[in-house]
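Please open the model in a viewer and keep the selection panel at hand.

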Amino acid sequence: MSDAIVVERLVKRYGELDAVAGISFSVPRGTVFGLLGRNGAGKTTTLECCIGLNRPTSGRVRVLGLDPTAPRDLARLRPRIGVQLQATSLPEKASVREVLELYAAYYGIAPRSAEMAARVGLDGKLERQVAQMSGGEQQRLALALALQHDPEVLFLDEPTAGMDAFGRRILWGEVERLRDAGKTIVLTTHYIEEAQRLAGCVCVVQRGTIVAEDTPAELVAKHGGEATVTIVADGFEPDAALRALGRWTNGAEWKLTTHGEPGLALAAVVTHANAAGATIHSLDMHRPTLEDAFIAITGEKIGEAG
C-alpha cells in the first residue's frame, strides 16, 4: 500500500517559537490518521503545511506525490483533496443551497445540493441562510463542501469542535463511511473518544513533536496501565482463587490490579462476595483507555490549557 502523505522532519518556526519541531510521519492510502494533542500542540500548523496554507521553515511534505509548497503542484493537488478547517468563513446571506452550488462551480462539477445536505444532517435546511445556522450546523456544511467533489484525501482540523452530540455522530458516521470507501483521512483532534473511534493510527503530538505513534489499541496496551476492580464490602476478603487474578491492596477498599480481562475478574469478585454473604457497598471496574495512555505518555491531561 503506497503512502498518500509523507511528512519528513517538518519544522515551522515563528520567531523564537517552534510551533512544529521536526515532525515526521506517513499516511498509507485508504486509512484514517489521527493527530491527537492539546490545543497549541502543533496539530493545526502541521495540517496547514500539508494543504498549502502554511509554508514550512524546513522539512519536506508530499501529498499524493505533490509538493503543496510549489504553486504548480498545489494547483494540481487542490481538486484531489478536501479540507474542513476549524473555522470556515461563509457568506452569511447565502443559503445552504447557494453555498453548495457556489463551491460546486469552483470545482467545475454539477451541484448535488440535496444529496450533500442530507449526508451531513442538513436535509430540509437548503433554504436556510448561513447567518441563521448554529456553529455546529456551519461545521457540518463545511464538511459537505469538503466532500462535494469526491476528494481522494480529506483533511479534518478539529472537525467536531463546538458540535453537539447529534452533529458529532453525523460526522463520525461520515468519516467511517469514507474510510470504508477507501478514502484517506487526516484528522486533528483533542477529543480522545474521536481519535479512538476513528483513527487506525494515532500520533500523540506534544509541543510540536510526535511523542508516540501506534494504533489506539497498542497505545493503550503499552501505556494505559493495568485494569482494576475495586470493592467496598463488609465481610469480604479475597480467597486464593481471587488472589491468583492479580495484585490485591487493602485500605478503605479492596483493590485488584490485573493484566487479565477485568470483566471476568469483576464477575469472580461478585460471585465470591455473594457466596461469603458479604454486604457490598460499592463496586467499580476500570479498563485502561486511550486517555490513560495519553496522560502516561505526556504527563498532561488532554483538557489542560496550553
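Select Arg287 and Glu261: they form a salt bridge, with the closest N and O atoms 3.1 Å apart. A salt bridge here is a side-chain nitrogen of Lys or Arg within 4 Å of a carboxyl oxygen of Asp or Glu. Arg287 belongs to the loop between β13 (279–286) and α11 (290–298), and Glu261 to the loop between β12 (254–258) and α10 (262–275), so the pair ties together parts that are 26 residues apart in sequence. Helices (H or I, at least four residues) and strands (E, at least two) are DSSP runs, numbered from the N terminus. Arg287 is partly exposed at 39% relative accessibility, and Glu261 is partly exposed at 38%. For these labels, buried means under 20% relative accessible area, exposed over 50%, and partly exposed in between (1.4 Å probe, protein chains only).

The model is predicted: local features need pLDDT of at least 70, side-chain atom pairs count only at pLDDT 80 or more, and totals for chains, interfaces and linings use all residues. Residues are numbered from 1 along each chain as its sequence is written, and side-chain values use heavy atoms, with hydrogens and water left out.

**Further charged pairs**

Side chains of opposite charge can pair when their charged atoms come close. The structure holds 21 salt bridges. Next, select Asp214 and Lys222, whose side chains meet in a salt bridge at 2.5 Å, N to O. Asp214 is buried, with a relative accessible area of 16%, whereas Lys222 is exposed at 52%.

Move to Arg177 and Glu174, a salt bridge in which the closest N and O atoms are 3.0 Å apart. Both residues sit in helix α6 (residues 165–180), three residues apart, and are therefore separated by about one helical turn. Arg177 is partly exposed at 40% relative accessible area, while Glu174 is buried at 5%. To finish with the charged groups, display Arg38, Arg207 and Glu300, which are linked in a network of salt bridges.

**The six-stranded sheet**

Now show the strands in the order β5-β6-β7-β3-β8-β9; they make an open sheet of six strands with mixed pairing. Two strands pair if DSSP finds at least two bridges between them. Which strands stand at the edges? They are β5 (81–84) and β9 (209–214), each with a single partner strand, so one side of each is left without a neighbour in the sheet. From one strand to the next, the twist averages 15°.

Within the sheet, select β3 (residues 32–36) and β7 (residues 184–189): the two run parallel and are joined by five bridges. Leu36 has Thr189 as its bridge partner in β7.

**Helices across the sheet**

Angles run from 0 to 180 degrees between N-to-C directions, the axes being lines fitted to C-alpha atoms, for helices over the stretch in contact. Helix α1 is mostly covered, with six of its eight residues buried; among them are Lys43, Thr45 and Cys49. Just after α1, Gly52 takes a positive phi of about 85°. Helix α6 lies across β3, β5, β6 and β7, at about 150° to β7.

**The nonpolar cores**

Select Leu36, Leu100, Leu141, Leu154 and Leu290: of the 42 residues in the largest nonpolar core, these touch the most other members. Such a core is a set of buried Ala, Val, Leu, Ile, Met, Phe, Trp, Tyr and Cys residues joined through side-chain atoms within 4.5 Å. The largest share of this core, six residues, comes from helix α5 (residues 135–147). Apart from this core lies another, of 26 residues, including Ile5, Val7, Val63 and Leu66.

Centre the view on Leu154; leaving aside neighbours within four places in sequence, its contacts (heavy atoms within 4.5 Å) include Gly82, Leu143, Leu178 and Val186.

**A last stop at Ser26**

Finally, select Ser26 in strand β2 (residues 17–28). Ser26 is partly exposed at 32% relative accessibility. Beyond its neighbours within four places in sequence, Ser26 is in contact with Asp3, Ile5, Val6 and Phe33. From Ser26 to Cys201 the C-alpha distance is 10 Å, although the two are 175 residues apart in sequence.
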